[in-house]
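Subject: Structure handover

Hello,

Here is the structure I said I would pass on. Please look through it first; my notes follow below.

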Amino acid sequence: MSAPVDTYHMRDIVLVTIDSLRADHVGWHGYDRETTPTLDRRAADARTFSSAFAHACSTRPSFPSILTSSYALEHGGFERLSEGRTTLAEVLSGAGYRTAGFHSNLYLSADFGYDRGFDAFYDSRTDPSPAAKARNAVKRHLDSDGLVYRTLQRAFNATEKRAGVEIGSAYVDAADVTDLALEWVGEAAGDRDGPRFLWVHYMDVHHPYVPPAEHQRRFRDEPVSERDAIQLRRKMLEAPDDVTDRELDTIVDLYDAEIAYVDAEIGRLLDGIESRWGDDAVVAVTADHGEEFRDHGGFSHSATFYDEVLHVPLLVDDGSGNDDHDDLVGLLDLAPTLADYAGADRPDAFRGESLASMDEHDRDAVIAEWADTSDDSDDRRFAVRTEDWKLARLENGTERLFDLSADPDERTNLVTDEPEAAARLCDRLDDHEQLLAASGGEMASVSMDEDVKERLRDLGYQE
């Protein structure tokens, strides 16, 4: 039986999310490489959830579930957060928390409504670095074919700390995000008026994989140069069938090294918090989605709904000691959990089930979604995953059914061979689509300037 949640006092809450981290590359999930020694040590004294799944395969449709405990396609969709959703930060702010968020994924910026409820919010959009400002000014004001532009661009490329050609300011390095967060942690340390909520999202595990050499050497003899890493990234996205087995091994080395780098930065972040706030904070760590390495023929994290892009790590360190759970969990459940730890009232808009006490948790399925957000398309995809089965429904009506007990790698489509299981899960998706229709709302558009579009293109997002 799970220990009761302590709501007697309002504890500090720390939420760390990692972009593109698949569960099976994490130490406490059984990975045979030491990618996450810091988090493994914390997991040994925390509550862990080995069957946690995202509700989408990419950042934009996944984060509404994490931060608002609602489905991506509710309230008009995930183009931006509608007023029909309530953010975790709003809940905690209303309960008296001082709140702050730090990240550099532009799809989670204030433009898309993700600053709601935060007293302090850094998204790299509202406060770009001096180098990024200078680079963007060059791009805006100089002809890209001109000699001056090319000369300055080469200078930028040469002085970039980590990124190679063309990825520029796509995201902010983990060390810089940690520094920014710790600066706020220090400022908030003297706050005697209320508890604190901190959210930090790290982008480095998202491609392009250009980890520092010291972390590459943990997994390979010779580090890969930034130029070669970026060229390899282009090949995996643009010509995945041409990637050789040796190149695939190199890509995985780089991905694992990025995980190790972020793991070290999370350690620095949590050590800094503990030294300034004490050791009473509730800490949750998870990822918004996974990543594919040709498991089903592709790379990155498209809306395939296979487990390599849906299965994510999840731990909650509430100070109660180690407690491992294999119950089915969706990231919808995270915000209600943290609200419970804060002693805050859960809003009716939260659809998830709290994990603070597993005695009350009875989730039997996780539903995942995707939609084409371009103006001329209404394509949508869905998947429903139970402990033993998964059914995916594509925009053209094609359905795929997998028996996860007998076929965990999802190779054999049983949609015609197992009609009862298919019908049961189809009914579940039909009910879900009715729920979406009842939520109403129109998908709002967000205008982006060219700098933002270019940074998103650098991350591999399509317009």
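Leu67, Thr87, Leu88, Ala89, Tyr114, Arg116 and Phe118 are the residues that line the largest cavity. Please keep in mind that the model is predicted. By class, this lining is made up of 5 nonpolar, 1 polar and 1 charged residues. The volume of the largest cavity is about 50 Å³. Searching the whole structure gives 5 cavities of 30 Å³ or more. As background, empty space left among atoms shows up when a probe the size of a water molecule is rolled over them.

Next, the sheets. Strands of a sheet pair through backbone hydrogen bonds, in either a parallel or an antiparallel way.

Ala368 stands opposite Ala383, which belongs to E15.

Another open sheet has 3 strands, in the order E10-E3-E13, with mixed pairing. Its edge strands are E10 (311–312) and E13 (329–330), and each of them pairs on one side only. E3 (residues 52–53) pairs with E13 in the parallel sense, over 2 bridges. Within that pairing, Phe53 has Gly330 in E13 as its bridge partner.

Last, the aromatic rings. A pair of such rings is described by the distance of the centres and the angle of the planes. The count for this structure is 10 aromatic pairs. One of them is formed by Tyr306 and Phe402, with 6.0 Å centre to centre and 55° between the planes, and it is classed as tilted. What does this pair tie together? Tyr306 is in the loop between strand E9 (299–300) and helix H10 (307–310), while Phe402 is in strand E17, so the pair ties together parts that are 96 residues apart in sequence.

Regards

Definitions and conventions. Residues are numbered from 1 along each chain as its sequence is written. This is a predicted model: local features need pLDDT of at least 70, side-chain atom pairs count only at pLDDT 80 or more; totals for chains, interfaces and linings use all residues. Side-chain values use heavy atoms; hydrogens and water are left out. Two strands pair if DSSP finds at least two bridges between them. Helices (H or I, at least four residues) and strands (E, at least two) are DSSP runs, numbered from the N terminus. On a 1 Å grid over the protein atoms alone, a cavity is a set of points where a 1.4 Å probe fits but cannot get out, and a pocket is an open set with protein on both sides within 12 Å along at least five of seven lines; lining residues have an atom within 4 Å of a point. Grid points are joined across faces, edges and corners, and a volume is the space filled by probe spheres set on the points. Ala, Val, Leu, Ile, Met, Phe, Trp, Tyr, Cys and Pro count as nonpolar, Asp, Glu, Lys and Arg as charged, and the others, Gly among them, as polar. Rings of Phe, Tyr and Trp (its six-membered ring) pair if their centres lie within 6.5 Å; planes under 30 degrees apart count as stacked, over 60 as edge-to-face and the rest as tilted.
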